[in-house]
Amino acid sequence: MPLFDEYRPSQQRRPRQKDAQNGLCSFFNRLLTGEEVIRKSGPPNRVAVTFLPSAAKPQGEASRLSEGITQEKNLAPPLEADAILARLPESRRIGRTILVLEETGSTNDVAAQLGRAGAPEGTAVFAECQTAGRGRLSRRWESQARRGLWFSLLLRPALAQADWARLTTWAAVGVARGLEEALPGCRAAIKWPNDIYLGGKKAVGILCESAAGPGGYAVVGIGVNVNQTRADFPAELQERATSLRNASGGAPLDRHAAAAALLRQLDALYPALEHDFAAVVAEAQARSLLMGRTLTVHTPCETYAALAEALEPDGSLRVRCADGSVRRVAGGEVSITGWQ
Ligand code: BT5
């Protein structure tokens with residue numbers, strides 16, 4: 001399992017730059033057929049757009065919500081794109097355009113669709129609810145309506161595409177910083193390569209995918225558990241998953257503030273992807289749950305025990321086996337021996 005999943009080339013189409021220049025609102029509106037713009041703000045090159053399914057016409061609060069969300073509506077205010085935008089600096093690249101969908105299959109697929117059509121770098125697609133949220137190896141990602149932040153960033157890093165694998169490490173560090181800004185006093189740890197843990201439990205999963213070639217793009221999908229209680233998780237996750245609210249032991253958090261903290265931190269760290277990646281790797285290592293621990297490493301070819309030693313300059317993991325040999329793990333799964 002590589003650090004980075006690739007879309008098949010057959011899924012790519014030539015970017016339509018002309019569309020992108022014609023006004024972002026109508027651009028997104030035309031692309032996301034079946035959705036209807038209900039709120040938009042900002043100048044044409046910095047927009048915030050909240051969509052709802054066209055099946056749910058805006059006839060009062062209840063009817064503008066899809067069924068799943070209606071059940072949740074007393075529990076959390078809806079996510080509004082312009083409320084996130086209002087908390088962000090003008091000069092950012094990540095989150096320069098923010099879309100909020102009421103419901104979609106996977107925000108990674110929407111961001112990829114926008115990437116193929118030439119949407120601007122830094123577009124962030126949020127969904128209140130994902131019906132087919134996924135992790136690596138097509139594993140299911142629980143994306144309960146209005147309880148978390150389920151979003152994807154469309155990026156075109158100015159790096160050789162071989163180096164786009166850096167995005168996983170960059171995202172892990174940026175999200176860890178964002179969580180600590182959203183919940184002061186918490187300590188966010190990284191379980192290499194793509195999980196963020198709070199208090200020993202998984203609070204965030206990251207899924208990076210890319211389409212190579214001319215007009216290529218990368219999608220960084222981030223799932224953050226914000227306001228779930230323990231009982232909100234399926235039974236099999238209750239011992240292993242947590243949310244920001246659980247970790248704080250307190251009241252529900254403002255998801256707009258949390259979303260803005262995450263986008264701000266990712267944006268501030270984005271230049272380092274190109275210019276100071278060694279510092280990003282050093283922080284990922286300092287935050288790592290794995291260093292100095294005995295691991296079981298699972299690759300498609302073999303499973304073996306090893307000691308986690310360090311992160312390599314490209315973000316891959318260096319381990320030492322019982323016979324003293326050193327290996328570099330660039331993908332696959334690792335589990336901490338004697339741990340969940
Ligand atoms: C991940 O995969 O952790 C990456 C998850 C990425 C989700 C985001 S949401 C926005 C974007 N759109 C998508 O469709 N995906 C991205 P992986 O390391 O394979 O972990 C998956 C495993 O985490 C599952 O098999 C469960 O055991 C566990 N899991 C599922 N949902 C969870 C949740 N909400 N919180 C904590 N653990 C969860």
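**A salt bridge and a ligand shell**

Trainee: What makes R134 and D109 a salt bridge?

Mentor: In R134 and D109, the closest N and O atoms are 3.0 Å apart. A salt bridge needs a side-chain nitrogen of Lys or Arg within 4 Å of a carboxyl oxygen of Asp or Glu, so the pair qualifies. This is a predicted model, where local features need pLDDT of at least 70, side-chain atom pairs count only at pLDDT 80 or more, and totals for chains, interfaces and linings use all residues. Residues are numbered from 1 along each chain as its sequence is written, and side-chain values use heavy atoms, leaving out hydrogens and water.

Trainee: Which parts does that pair tie together?

Mentor: R134 lies in the loop between β5 (124-130) and β6, and D109 in helix α5, so the pair ties together parts 25 residues apart in sequence. Helices (H or I, at least four residues) and strands (E, at least two) are DSSP runs, numbered from the N terminus.

Trainee: How many salt bridges does this rule give?

Mentor: The count comes to 22.

Trainee: What classes make up the shell around the ligand?

Mentor: The shell has 7 nonpolar, 12 polar and 8 charged residues. Asp, Glu, Lys and Arg count as charged; Ala, Val, Leu, Ile, Met, Phe, Trp, Tyr, Cys and Pro as nonpolar; the others, Gly among them, as polar.
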